[in-house]
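Here is a short walk through one protein model. Keep the sequence and the 3D view side by side as you read.

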Amino acid sequence: MNPLPKGIGWIEVICGPMFSGKTEELIRRLKRAEIARQKVQIFKPRIDQRYAEAHVVSHSEQKLPSAPIDRAEEILERLDPAAQVVGVDEVQFLGPGAVRVCEQLADRGLRVIVAGLDQDYRGVPFEPMPQLLAVAEFVTKELAVCVVCGNPAHRSQRLAQGEQRVLVGARGSYEARCRACFRPEGDAPTARAAAEPAQPGLPLREEP
Ligand code: ADP
Ligand code: MG
Ligand code: ZN
């Protein structure tokens with residue numbers, strides 16, 4: 001990343017598919033801000049209850065305490081006046097209001113770091129990530145490893161049956177796939193992934 005600006009706020013977006021390390025990268029940046037003795041506040045949508053309501057947790061089991069919210073505007077309402085850095089995980093679940101909230105925070109001089117899925121299980125851009133990517137100063141696209149062929153993976157393959165729009169699934173419900181191995185209509189799990197024990201997974205949702 002470029003050297004960080006001084007004396008102004010800005011927006012950083014970390015995007016990519018499931019298992020690409022978005023949450024790990026968010027936690028890394030927030031921990032470094034804490035080491036720099038900056039006041040950090042972390043939020044995540046309540047819908048993501050895979051592991052712990054009050055923590056942001058990665059698939060590799062790193063975690064940081066976070067406040068669960070139902071609406072993007074709650075970030076403004078619950079903002080600590082002393083906060084200098086605001087982190088949000090799973091920002092794609094906060095809807096279009098997240099863009100205005102992030103802009104307001106950055107305009108006030110805060111560093112805003114958000115992580116989220118940039119595509120849904122069909123490979124369609126996940127609103128409001130396209131808008132957030134457009135207004136951010138810094139954009140990082142993480143890639144996972146395709147569990148079928150080992151190539152860099154930018155899609156989240158849905159494995160479970162069913163048409164429901166929100167599927168809070170387990171590992172075994174989704175896996176990382178590259179462009180060539182991705183099947184938008186759904187697919188059976190790869191043999192290796194199917195042999196792994198089920199673990200809490202991540203919900204993929206289209207806009208409400
Ligand atoms: P995200 O927030 O993007 O879903 P996490 O930060 O929670 O990702 O987890 C990333 C970690 O997931 C990796 O460091 C690795 O340990 C693990 N992992 C499991 N499956 C894969 C995969 N197919 N590709 C890359 N990492 C994977
Ligand atoms: Mg994550
Ligand atoms: Zn592949």
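Cys178 is buried, with a relative accessible area of 6%. The model is a predicted one. The zinc ion (ligand 3) is held by the SG atoms of Cys146, Cys149, Cys178 and Cys181, at 2.3 to 2.4 Å. The angles between these four donor atoms run from 103 to 117°, so the arrangement is tetrahedral.

Now follow the donors along the chain. Their spacing is C-x2-C-x28-C-x2-C. Cys149 and Cys178 link distant parts of the chain, 29 residues apart. Cys149 sits in the loop between strand 9 (144-145) and strand 10 (152-153). Cys178 sits in the loop between strand 13 (174-177) and helix 5 (191-195). Cys149 is partly exposed, at a relative accessible area of 41%, whereas Cys178 is buried.

Turn next to the nonpolar interior. In soluble globular proteins, nonpolar side chains tend to be buried together. Here the largest nonpolar core has 27 residues, and Ile75 and Leu105 touch the most other members. Several elements give two or more residues to this core, among them strand 1 (10-16), helix 2 (73-77), strand 7 (111-117) and helix 4 (129-135). Helix 3 gives the most, with six residues.

Look closely at Ile75. Leaving aside residues up to four places away in sequence, Ile75 touches Phe43, Ile69, Val86, Val88, Leu94, Val101 and Leu105. Another core, of twelve residues, lies apart from the largest one. Its members include Ile14, Ile27, Ile42 and Ala115.

Then look for open space. The largest pocket has a volume of about 360 Å³. Its lining comprises 19 residues, and Leu4, Trp10, Ala33, Gln38 and Arg111 lie nearest its centre. Helix 1 (residues 22-35) gives the most to this lining, with five residues.

Last come some backbone details. Most residues other than glycine have a negative phi, and most peptide bonds are trans. Arg37 has a positive phi, near 65°. Arg37 lies in the loop between helix 1 and strand 2 (40-45). Glu90 also has a positive phi, of about 55°, and belongs to the loop between strand 6 and helix 3. Are these two residues buried or exposed? Arg37 is exposed, with a relative accessible area of 76%. Glu90 is buried, at 1%. The peptide bond from Glu127 to Pro128 is cis, with omega near 5°. Pro128 is in the loop between strand 7 and helix 4.

How values were computed: Residues numbered from 1 in each chain as written. Chains lettered and ligands numbered in written order. Predicted model: local features only at pLDDT ≥ 70, side-chain atom pairs only at ≥ 80, totals over all residues. Heavy atoms only, no water. Donors = N, O, S within 2.8 Å, 3.2 Å for Na, K, Ca; no water. Tetrahedral: all angles 85-135°; square planar, octahedral: opposite > 155°, others 65-115°. Helix = DSSP H or I, 4+ residues; strand = E, 2+ residues; numbered from the N terminus. Buried < 20%, exposed > 50% of the residue type's maximum accessible area, 1.4 Å probe, protein only. Core = buried A, V, L, I, M, F, W, Y, C linked by side-chain atoms within 4.5 Å. Contact = heavy atoms within 4.5 Å. 1 Å grid on protein atoms, 1.4 Å probe; cavity = no way out; pocket = protein on both sides within 12 Å on 5 of 7 lines; lining within 4 Å. Points joined across faces, edges and corners; volume = space filled by probe spheres on them.
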